[in-house]
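Subject: Structure handover

Hello,

Here is the structure I promised to pass on. My notes on it follow below.

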Amino acid sequence: MGVRIIVAGGGIGGLTTALALVRAGLDVRVVERAAGFGEIGAGVQLGPNATRVLDSLGLGEALRDTAVEPVATRFLRWADDSVLTEWPLAGQVRARFGAPYYTLYRPDLIAALAAAIPAGTVSFGRQVAAVEDGRTVRFADGATETADVVVGADGIHSAVRTSTLPETAPRFSGMCAYRALLPNDTEPVVRIWLGPGRHLVAYPVGRGARLLNVVCVAPADDWPDESWTAPGDVTRLREHFDGWSPEVRKILDRVTEPVYRWGLHDREPLPRWSTPTTTLVGDACHPMLPFLAQGGAQAIEDAAVLAASLATAGPAEALQRYEARRLDRTARIQRQSWGNNVSYHLPDGPEQARRDEALAGGAIMSLDALSWLFGHDVRVGDRPGV
Ligand SMILES: Cc1cc2nc3c(=O)[nH]c(=O)nc-3n(C[C@H](O)[C@H](O)[C@H](O)COP(=O)(O)OP(=O)(O)OC[C@H]3O[C@@H](n4cnc5c(N)ncnc54)[C@H](O)[C@@H]3O)c2cc1C
């Protein structure tokens, strides 16, 4: 009999892992605690490092139908909409990295992944409580199931991680993200306004670029410890961006109740995240602040590397190899994302002027500066010369 694999969690990481394992001819089941597929209705950016993987899993056409391919990323100054830097995406990214840069409506991405997996692969309403003896999954209702390999794709609060590794505390960034979707009336550009203590991101998503996805990152001194999402207040949201540029005001004037906000947490990079029979993917092992837009993309990369390893080696060796190939890269992205919490939010002054100069010169954010991120091909590692 082949290796039986249980994946806990049916988000971006769990579904991509399941699809990659199915494509590799392996026996996989996904157990998801929710009653159905439930990605929040918001946007996600996927760089060519992730779309290359999804294309190789056969999702190229499904994504082309629903994704937006923005023409540029543009950083703007908070006070007056002046452009700090801009780089081309569509065309340039494909030519240089061999895959597109997409912005997607999250439910479209989940639907494309779910449609590609054989019916019956995912069981809903099954909350994993713990993994016992490395192979036995115990569910919240007391039921148990045994597998040869258990993969935790169950997010930042992972029950699989808690029961297989020493516990580490999540780190709160002090920031929260308000998310909103509006009817879109803008060109296909990813716009990021940087200002003192805050930033705002807006880009179109959905079929025909019909929606504008807006993420407003602001301080959250009042964040209740135990809560990860909380209802937001539009008036408070607008106050956060008082005095910002006309375009920012125009966007925020269109946001209506209800709005929700997410506390932004990560964890210090882990030294390891596998045992001979268990491993983790995505936010379960390397949660990161969304300030490089890479959390979902890294879960997608994890999925491909894990499936390739399990297809070519026994579980213990495969999980070791997978982890070894992923530790340094994901730790680097976690650290850089955490660092952007400072550099994106500098108060006006000499440091901010130096940052803006570096941005304008393409030294810190540009296709050149990010080629280590976008040029990575999980099949071969970093591609020289991109
Ligand atoms: C504001 C914001 C913007 C972002 N923007 C981007 C972006 O542009 N690009 C990008 O790549 N990433 C982005 N991210 C990060 C990205 O959303 C996450 O990294 C990604 O969703 C992680 O996927 P995952 O599958 O690992 O975990 P999750 O999305 O957390 O999925 C975990 C799944 O497991 C299930 N589950 C949890 N516990 C259990 C259990 N005990 N038993 C069974 N099932 C369980 C959950 O219900 C869920 O379905 C952003 C994040 C935020 C907050």
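**Salt bridges**

D348 and R77 join their side chains in a salt bridge, with N and O 2.8 Å apart. This pair connects distant parts of the chain, 271 residues apart. D348 sits in the loop between α10 (315-343) and α11 (350-360), and R77 in strand β4 (residues 72-77). D348 is partly exposed, at 38% relative accessible area.

Some ground rules. This is a predicted model, in which local features need pLDDT of at least 70 and side-chain atom pairs count only at pLDDT 80 or more, while totals for chains, interfaces and linings use all residues. Residues are numbered from 1 along each chain as its sequence is written, and side-chain values use heavy atoms, with hydrogens and water left out.

A salt bridge here is a side-chain nitrogen of Lys or Arg within 4 Å of a carboxyl oxygen of Asp or Glu. The count by this rule is 22. Helices (H or I, at least four residues) and strands (E, at least two) are DSSP runs, numbered from the N terminus. Buried means under 20% relative accessible area, exposed over 50%, and partly exposed in between (1.4 Å probe, protein chains only).

Another salt bridge joins R191 and E247, whose closest N and O atoms are 3.1 Å apart. R191 belongs to strand β13 (residues 189-195) and E247 to helix α8 (residues 246-253), so the pair ties together parts 56 residues apart in sequence. R191 is buried, at 9% relative accessible area. E247 is buried too, at 19%.

E301 pairs with R329, again as a salt bridge, with the closest N and O atoms 2.8 Å apart. E301 lies in helix α9 and R329 in helix α10, 28 residues apart. E301 is buried at 0% relative accessibility, and R329 is buried at 9%. A network of salt bridges links E301, D302, R326 and R329.

**The ligand**

What surrounds the ligand? A shell of 32 residues does, with G13, E32, Q45, V128 and D283 the closest. The shell divides into 13 nonpolar, eleven polar and eight charged residues. Four elements each supply at least two shell residues: α1 (12-23), β3 (43-46), β12 (171-183) and α9 (295-312).

Now the polar atoms. A polar side-chain atom of R106 is 2.9 Å from a ligand oxygen. A polar backbone atom of A297 is also 2.9 Å from an oxygen atom of the ligand. A polar backbone atom of G295 lies 3.4 Å from a ligand nitrogen. On its own the ligand has 1000 Å² of accessible area (Shrake-Rupley method, 1.4 Å probe). The protein covers 86% of that area.

**Helix α2**

Seven of the nine residues of helix α2 (residues 48-56) are buried, so the helix is largely enclosed by the rest of the structure. They are P48, N49, A50, T51, R52, V53 and L54. G58 follows α2 and has a positive phi, near 95°.

**The five-stranded sheet**

An open sheet of five strands runs in the order β7-β2-β1-β11-β18, with parallel pairing. β7 (122-123) and β18 (278-280) stand at the edges with a single partner strand each, so one side of each lacks a neighbour in the sheet. Two strands pair if DSSP finds at least two bridges between them. Strand β11 (residues 149-152) and β18 pair over three bridges, in the parallel sense. V150 stands opposite T278 in β18.

Best wishes

Note on methods
A residue is near a molecule or strand if one of its heavy atoms lies within 4 Å of it. A polar contact is a pair of N or O atoms within 3.5 Å; within protein, one must be able to donate a hydrogen and the other to accept it, and residues adjacent in sequence count only if both atoms are side-chain atoms. Ala, Val, Leu, Ile, Met, Phe, Trp, Tyr, Cys and Pro count as nonpolar, Asp, Glu, Lys and Arg as charged, and the others, Gly among them, as polar.
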